[in-house]
Number of protein chains: 2
Amino acid sequence: MGEEKKTALVPGRVGIVGLGLMGGSFAKALHAGGREVYGWNRTHSVTELAEIETIDGELTDDVVPTCELIILAGYPQVSIDWLVQMADILSPGAIVIDTVGVKRVICERCFKIAEGRPWTFVGCHPMAGTQYSGFAHSRANMFHNAPMVVVPPKMDDFERADMLERLEQLLEPCGFGSMTLSTPEHHDEVIAFTSQLAHVVSNAYVKSPSCTVHKGFSAGSYRDLTRVARLNARMWTELFLDNADNLSFEIGNLIGHLQEYKDAIDDRDAERLQGLLADGDRRKREVEDR
Amino acid sequence: MGEEKKTALVPGRVGIVGLGLMGGSFAKALHAGGREVYGWNRTHSVTELAEIETIDGELTDDVVPTCELIILAGYPQVSIDWLVQMADILSPGAIVIDTVGVKRVICERCFKIAEGRPWTFVGCHPMAGTQYSGFAHSRANMFHNAPMVVVPPKMDDFERADMLERLEQLLEPCGFGSMTLSTPEHHDEVIAFTSQLAHVVSNAYVKSPSCTVHKGFSAGSYRDLTRVARLNARMWTELFLDNADNLSFEIGNLIGHLQEYKDAIDDRDAERLQGLLADGDRRKREVEDR
């Protein structure tokens with residue numbers, strides 16, 4: 001029998017893979033909350049920058065087995081590759097979460113990697129961010145009051161309650177406003193509407209010929225509609241294609257509704273147009289009152 | 001010869017026709033700035049409410065000829081009807097402005113009413129508001145730093161400069177961030193994009209079947225995209241149909257662009273999708289850098 005390398009898990013220690021907008025914000029929030037934080041980033045200069053005052057050190061192969069919580073905060077494929085590579089050295093009892101904006105693809109892969117191993121993968125989607133990317137824009141209060149969607153693997157109710165409680169404690173310094181349990185399928189369906197469609201619409205909105213001449217003619221509604229037009233095209237392409245069915249449905253649905261308004265306007269049909277607007281107003285009120 | 005009734009214009013005195021969100025906000029801002037403000041509202045109880053601490057009195061036929069500035073802040077047709085009725089008793093030198101969100105229809109009518117009369121009609125569109133309506137939601141700081149689009153009648157440069165300077169002085173307590181001169185045609189073209197399209201998209205956005213189940217799954221981008229889904233359906237129907245040509249173009253243009261994203265997604269064409277997203281990102285950056 002070979003000699004077994006013993007490495008003890010350090011309670012509360014966090015390892016973060018990818019120090020961009022999300023990973024950087026987790027690092028800053030957890031560090032500010034007094035947690036021990038180790039980080040790794042593909043571009044090494046970012047790790048060095050984070051080491052100045054955000055992380056306690058680099059997340060090396062020696063540190064990985066001592067972490068109670070691992071946060072995969074990079075691109076989906078980078079996260080999956082990292083997990084495959086580290087699957088056998090993660091500590092028994094460790095919790096691994098991701099931060100990817102789609103959950104079917106990543107959970108299917110990562111639940112499988114975790115299968116039969118003594119640590120747990122939990123899909124997570126923190127509903128926060130900005131239109132900017134990178135460590136420079138990350139901040140300790142990024143998740144303050146934000147909703148978090150949590151997609152646990154199949155486990156019995158007791159295990160799941162325990163896992164959720166531990167996760168809440170581990171992430172307590174982030175100040176999430178809520179943690180909502182979901183399935184990968186339900187998550188991807190709803191997120192296509194609440195987040196992905198918003199980015200598509202905003203990005204398409206600025207493609208009008210009037211967009212270059214609106215100085216002095218725009219206010220809050222324009223600003224709100226186009227805020228997320230600025231986006232990381234490469235990252236969102238990957239997220240959109242990993243949720244193509246749901247997003248395609250939502251875009252098609254919106255196109256159909258927009259066409260109804262256009263038809264009513266083209267027909268100069270005030271009654272029909274007012275009915276369409278009143279219906280949207282009513283739906284918005286109903287949701288707000290929930 | 002009949003006896004001529006003499007009524008002296010009181011410098012700085014303001015008359016406001018319609019005490020809703022816009023008119024109420026003008027009244028509050030100007031009153032807070034020490035101006036004498038008189039108001040009229042079709043529903044008389046609102047006038048009485050405003051008299052408690054916002055206006056100096058009701059804008060009666062006796063007061064109208066003493067006002068240096070008249071603000072037409074009601075529905076387009078109500079504003080036009082009021083102006084026709086008062087055209088002969090308005091004071092020489094008075095400036096009449098409106099606050100309607102489209103300018104071709106209202107300016108054509110009101111420039112004609114003012115023709116050959118000793119007062120001036122100036123089309124105005126204060127680019128401010130909220131998703132709520134009515135006097136109860138009006139506030140003194142509504143126009144603070146907001147842009148104002150100003151559509152003057154045909155006049156020589158000297159007259160126009162004088163008129164603009166007087167208007168700036170009269171509205172000084174409102175704290176507008178800018179006053180941009182425009183023609184009715186240019187205004188309506190740009191506003192179809194910056195404001196009307198935003199309201200159509202937002203109102204259509206909430207018509208997805210996912211809209212009722214998104215609790216815990218939504219954050220800033222959803223909130224921004226749907227903020228103006230709540231709207232005054234009757235008012236916006238009138239505004240949209242008075243700008244039907246421009247708005248129909250903008251909706252059609254957006255539908256075309258949305259279809260491009262949908263096609264790229266349906267074809268699982270990452271390169272094309274990333275190109276579309278990068279193009280929107282680039283346009284948004286260019287406009288922000290202007």
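## A quick tour of the two-chain model

At 11% relative accessibility, Ser182(A) counts as buried, since the cut-off for buried is under 20%. This is a predicted model, so treat what follows as a guide to that prediction. Chain A has an open sheet of eight strands, and Ser182(A) sits in the loop between E8 and helix H6 (184–205) of that chain.

**Around Ser182(A)**

- Setting aside neighbours within four places in sequence, Ser182(A) touches Val149(A), Val150(A), Val151(A), Pro152(A), His187(A) and, from the other chain, Phe217(B).

- Strands of a sheet pair through backbone hydrogen bonds, and they can do it parallel or antiparallel.
- E4(A), residues 67–72, and E5(A) go the parallel way, with four bridges, and Leu72(A) is found opposite Asp98(A) in E5(A).
- E5(A) is also parallel to strand E6 (residues 120–126) of chain A, this time with three bridges; here Ile95(A) has Thr120(A) as its bridge partner.
- E6(A) and strand E7 (residues 147–151) of chain A are antiparallel, joined by four bridges, and Pro126(A) is partnered with Met148(A) in E7(A).

**A closer look at strand E5(A)**

- In a regular strand, side chains alternate between the two faces of the sheet.
- Strand E5 (residues 95–98) of chain A has Ile95(A) and Ile97(A) pointing one way, with Val96(A) and Asp98(A) pointing the other.
- All of these residues, Asp98(A) included, are buried.

**Helices and crossovers in chain A**

- E4(A), helix H3 (residues 76–86) of chain A and E5(A) together form a β-α-β unit, and it is right-handed.
- From E5(A) the chain then crosses through helix H4 (residues 104–114) of chain A to reach E6(A), in another β-α-β crossover that is right-handed.
- H3(A) lies across strand E1 (10–17), strand E2 (37–40), E4, E5 and E6 of chain A, at about 150° to E4(A).
- H4(A) lies across E5, E6 and E7 of chain A, at about 155° to E6(A).

**Over in chain B**

- Chain B also has an open sheet of eight strands, ordered E3-E2-E1-E4-E5-E6-E7-E8 with mixed pairing.
- Its edges are strand E3 (57–58) and strand E8 (178–181) of chain B; each has a single partner strand, so one side is left without a neighbour in the sheet.
- Three bridges hold E5(B), residues 95–98, and E6(B), residues 120–126, in a parallel pair, where Ile97(B) is partnered with Val122(B).
- Helix H5 (residues 157–170) of chain B packs on the sheet, touching E1, E4, E5, E6, strand E7 (147–151) and E8 of chain B, and its direction makes about 70° with that of E5(B).

**How the two chains relate**

- Two copies of a chain are related by a rotation about an axis and a shift along it.

Notes. Residues numbered from 1 in each chain as written. Chains lettered and ligands numbered in written order. Predicted model: local features only at pLDDT ≥ 70, side-chain atom pairs only at ≥ 80, totals over all residues. Heavy atoms only, no water. Buried < 20%, exposed > 50% of the residue type's maximum accessible area, 1.4 Å probe, protein only. Helix = DSSP H or I, 4+ residues; strand = E, 2+ residues; numbered from the N terminus. Pairing = 2+ DSSP bridges. Right-handed = clockwise from strand over helix to strand, strands pointing away. Contact = heavy atoms within 4.5 Å. Axes fitted to C-alpha atoms, helices over the stretch in contact; angles between N-to-C directions.
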